[in-house]
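Okay, thanks everyone, let me get the model up on the screen.

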Amino acid sequence: MSDLMSLNAWQPLADHYQQIKGEHMLDMFARDTGRFDNLSMQAAGLFLDYSKNRISNDTLPLLVNLAKERDLQNRISDLMSGETVNNTEQRAALHTALRNRSDRPVMTAGQDVMPDIRRVLSQMSTFSEAVRSGQWQGYSGEAITDIVNIGIGGSDLGPQMVTEALHRYCKPNLSLHFVSNVDGSHITKALQNLNPATTLFIIASKTFTTQETLANAHTARDWFLESAKDKQHVASHFVALSTNRDAVTAFGIDESNMFAFWDWVGGRYSLWSAIGLSVACAVGFERFEELLQGAHDMDLHFQSAKLTENMPVIMALLTVWYVNFFGAVSHLIAPYDQYLHRFPAYLQQLTMESNGKSAMRDGGAVAHNTGPIVWGEPGTNGQHAYFQLVHQGTHLIPADFIVPVESLNPVGRHHPMLLANCIAQTEALMRGKDRETLAMEMKDQGASDSEIKRLSGHKTFSGNRPTNTLLLETIDPRSLGALIALYEHKVFVESVIWDINPFDQWGVELGKQLAKQVLQEIEAGKSATAHDASTNGLINCIVKRRNTLA
């Protein structure tokens, strides 16, 4: 396909950017008293205010023209209907089918995937209820008190983020632990206070060959057998989320305790599948279904809403606006809710693994910037850390502020203070502080003219920093599902505009391949010569040190 800058819709946008790039949002609000009403919307229980963006009434229609020229509406239809949207791996990307709450069949390669999806959901329901009720017992006849989810990437980030976000709904006396890092310290710390007789392990690996996950799984099994002794007891303490039946059974896991998922489920989109088993165990299957329903609500909106009234589309087009015209290279996610403290990390993988690409769908090199760096931490902590750079730094950093209107823990004045800080930050980023305002404030405090002049360069800032604000009624399973699906679809729309494939991740593979060779060399304890001078030198330093310590 054509490069972005060669599209017919590009030049009108480029001309428009030149016209408004210097305009301040304060002036835009002053000219248009209806700006907030015109540039805000609701969908699937979420409210989006995007009025604090550097756009005029003409910007969005011009961006939509870009989307139309990329045939976005048909691409959305292809995604939702099971077409081969992952062109490099020649398969569909049917995470939306996993949360399909309708009777509508979803076809791919001539087959309806919904019967298999419903079968696995039923299996998850039965299993999670058995664990939660105490019916599922360990080798000593005791109920399960702790669940350790062993995975990596989407098999860890997704369920961990959701169980943290829905902590208020988790079953008391059933603790969840997540292990992903191959660093032995991670699993050692997770296991150190657990009782093998009451611990259940969920091993999440589609192929059951992922190096880090299998290393942690074998360490967990060794730890368990130190107490349980009999290998037959593995079957009542380990379950697998995988498609590799032979490897799973060879590990000692009963085939009936293997939960399937499919090659059209990418890891970063997999929490809706059997990968969400730890979530179902933690919050109960009914609430897991509410999570699916919230995502399905957003799917329906995404599929049916006009492009100009489509929340994921609007958010994606704004990202394109800042990345490809303003030169923004990063995007801040600022959730003002402690339960969402893992949400920025989850979005890092979703966004950067999906759209961190430099090849177009046809394999040619892109001539424009693609996915931004995504980062963030919960408010209000961020205000006392990196917000200084966002306000006064030299980089333009668009930001999404996410906050629930109602707290699940209404203690004292805490939540009104949280809300006030969230909204005030978006206003401050937009408004800034000019020299005249600063001079008035400092004079009121008794400062001299010379003191005002000395500090004016330090205490003024331009504002005009763009933000979106997303309001949720509260953090519950349904609103969380809608929020996650919103960003999934946002990432997809961005990929369509940039003409890249968001469903592969070839950049991850080279490091994995090289690590196998380096591992052999380190464990052999001999000098390495097969690499570049730096890599050989590092391996040899490590080998020498390990041999000295042996």
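So, terms first: angles under 35 degrees count as roughly parallel, over 145 as roughly antiparallel, 65 to 115 as roughly perpendicular, and the rest as oblique. This is a predicted model, where local features need pLDDT of at least 70 and side-chain atom pairs count only at pLDDT 80 or more, while totals for chains, interfaces and linings use all residues. Residues are numbered from 1 along each chain as its sequence is written, and side-chain values use heavy atoms, with hydrogens and water left out.

Helices here are DSSP runs of H or I, at least four residues, and strands are runs of E, at least two, numbered from the N terminus. Look at α13 (residues 285–304) and α14 (residues 311–324): they pack at about 75°, axes 8 Å apart. Those axes are lines fitted to C-alpha atoms over the stretch in contact, with angles running from 0 to 180 degrees between N-to-C directions. The two helices are therefore roughly perpendicular.

Who's touching whom? With contact meaning heavy atoms within 4.5 Å, Met298, His301 and Phe302 of α13 meet Met311, Pro312 and Val313 of α14.

On to the hairpin. Strands pair if DSSP finds at least two bridges between them; β1 (residues 40–43) and β2 (residues 46–49) have 4, running antiparallel. Methionine 41 has leucine 48 as its bridge partner. Between the strands sit 2 residues, and alanine 44 takes a positive phi near 50°.

Last, cysteines. There are 0 disulfides, a disulfide being two cysteine sulfurs within 2.5 Å. For cysteine 281, the nearest cysteine sulfur, on cysteine 170, is 11 Å away. Cysteine 281 is also buried, at 0% relative accessibility, where buried means under 20% relative accessible area (1.4 Å probe, protein chains only).

How values were computed. Buried < 20%, exposed > 50% of the residue type's maximum accessible area, 1.4 Å probe, protein only.
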